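Student: I'd like a close look at the salt bridges here, please, and then at the nonpolar packing. Take me through them in one connected account.

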Amino acid sequence: MKRPIDKAGDLVAFVGGCLIDGSGGPVLKNGSIVVKGNRIHSVGPSEAVQIPDQARVFDISGMTIMPAMIDMHVHLYWNGEPNLALHSYKESTAFRAVKAVAYIQRSLEAGFTTLRSGGEVGFLDVALRDAAELGVIWGSRVIASGYSISGTGGHADKFPPWLYRTDEVRLLADGPDECLKAVRNQIKMKVDWVKFHASGGVMDPFSNPQLQEYSDKEMETIVNEAHARGKPVFAHAQGAHGIRAAVRAGVDSIEHGFYLEDDIIEMMLKKGTYLIPTLVALRKIIEAGEKGGIPKESVEKAIPHGEAHAASFRKAYEAGVKICMGTDCGSPYNYHGDNAYELYLMVKNGMKEMDALVACTKRAAEALRMKDKIGTLENGKWADLLVVKGDPLKDIRVLVQKENIKLVMKEGKICLNDLTAS
């Protein structure tokens, strides 16, 4: 793993590439970008962009330049281990935090400069975010959510009491009063988003993905308190009852969404609720199965939902639901650095290539409330971009094959570079 190659501050120009700006609009077959400091100074057709004499120039003819990608759902204390419960018991939170530094570096070098954490133990993601911002470590930008709030016996209450380590604390909340306190505890610990579990899930020994786990009142309490404190909310929600209640309560995004019935989709459209489908997570569990070391009960829970999940994704896409890319990276056989495989699955299930790119750039930035900073290549925005060998609009798999990622820039710093400048 290499440290960032450059410090922001130099004038850098990228000239002559196929330019995808992330907006979903027309592609420039011959585009150029000038970066000054940590921001995009000018961008447009090559003939219209003036290249300063002192700029370091990268000729990217025959390659694609596009916004750096955003993964809206990762877990930084895992990295594809098949038995998450056993793994969590065997390793301390401190040890997993050290390994997580490598994970955010792998994702950065794969072209993902921004990761929204889907819930971590020990506020590991908050620490990673702050350390990266201070320059103590390098890696993708982390949007932190701290612990996932869960009811007793719910999906985030994964293990029997005798399996808990003394250095881990569960954030369990039952009833509106405890839910209120849980949200306030998260805010005290400086999370960016608040997450809770509206339904059961797959990777625990006892919950049911089809069943709603929090009452409507509990969900409303969580959402209302978080919003009152300026924090957006996302909900793990797989079955229709949990999804419907979470959307009704006003969550900002739904994670997974196995069973999206027509009335739910209509409500999501009306409320502007984002969907983060994480298609890769369920697929990997089903593919690996018990032979891959995944617990039997998790495999048995996953198999019945695979077709419904893909069908719900297609229905939501066709209806115009706002979809962002998220991987659930860290879940079994779902490795950090392989994030772009989700884009392939989205396209395979009917999404147009351009829409898939928008889902991991512009739309994800909008969902994160960072559209003024990242997500598109526009003058004045942070210089988060990548240069790719090949054209992802012709074959999205060029982003999956990491050898095609030739240069990654985060806020004007070149973090990976296989190109030569003049």
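**Salt bridges and cores**

Tutor: Let's start with lysine 402, which is partly exposed at a relative accessible area of 38%; on this scale, buried means under 20%, exposed means over 50%, and partly exposed lies in between (1.4 Å probe, protein chains only). Please keep in mind that this is a predicted model, in which local features need pLDDT of at least 70 and side-chain atom pairs count only at pLDDT 80 or more, while totals for chains, interfaces and linings use all residues. Residues are numbered from 1 along each chain as its sequence is written, and side-chain values use heavy atoms, with hydrogens and water left out.

The partner of lysine 402 is aspartate 338, and their closest N and O atoms are 2.7 Å apart in a salt bridge (a side-chain nitrogen of Lys or Arg within 4 Å of a carboxyl oxygen of Asp or Glu). Aspartate 338 is also partly exposed, with a relative accessible area of 33%. This pair links distant parts of the chain, 64 residues apart: lysine 402 sits in the loop between strand 15 (385-389) and strand 16 (405-410), and aspartate 338 in the loop between strand 14 (322-323) and helix 11 (341-348). Helices (H or I, at least four residues) and strands (E, at least two) are DSSP runs numbered from the N terminus.

The whole structure holds 19 salt bridges, and shared partners join Arg129, Asp130 and Asp192 into one network. Arginine 129 is buried, at 8% relative accessible area. Its side chain meets that of aspartate 130 at 2.8 Å, N to O, and aspartate 130 is partly exposed at 31%. Arginine 129 also bridges to aspartate 192 at 3.1 Å, N to O. Because arginine 129 lies in helix 3 (residues 124-134) and aspartate 192 in the loop between helix 4 (175-188) and strand 10 (194-197), the pair ties together parts that are 63 residues apart in sequence. Aspartate 192 is partly exposed, at 23%.

Now for the packing. The largest nonpolar core has 100 residues, of which Leu76, Ile149, Phe196, Leu343 and Leu399 touch the most other members. Such a core is a set of buried Ala, Val, Leu, Ile, Met, Phe, Trp, Tyr and Cys residues joined through side-chain atoms within 4.5 Å. Beyond its neighbours within four places in sequence, leucine 399 has contacts (heavy atoms within 4.5 Å) that include Met66, Met69, Leu343, Leu357 and Ile405. A second, separate core of 18 residues includes Val12, Ile33, Val35 and Ile40.
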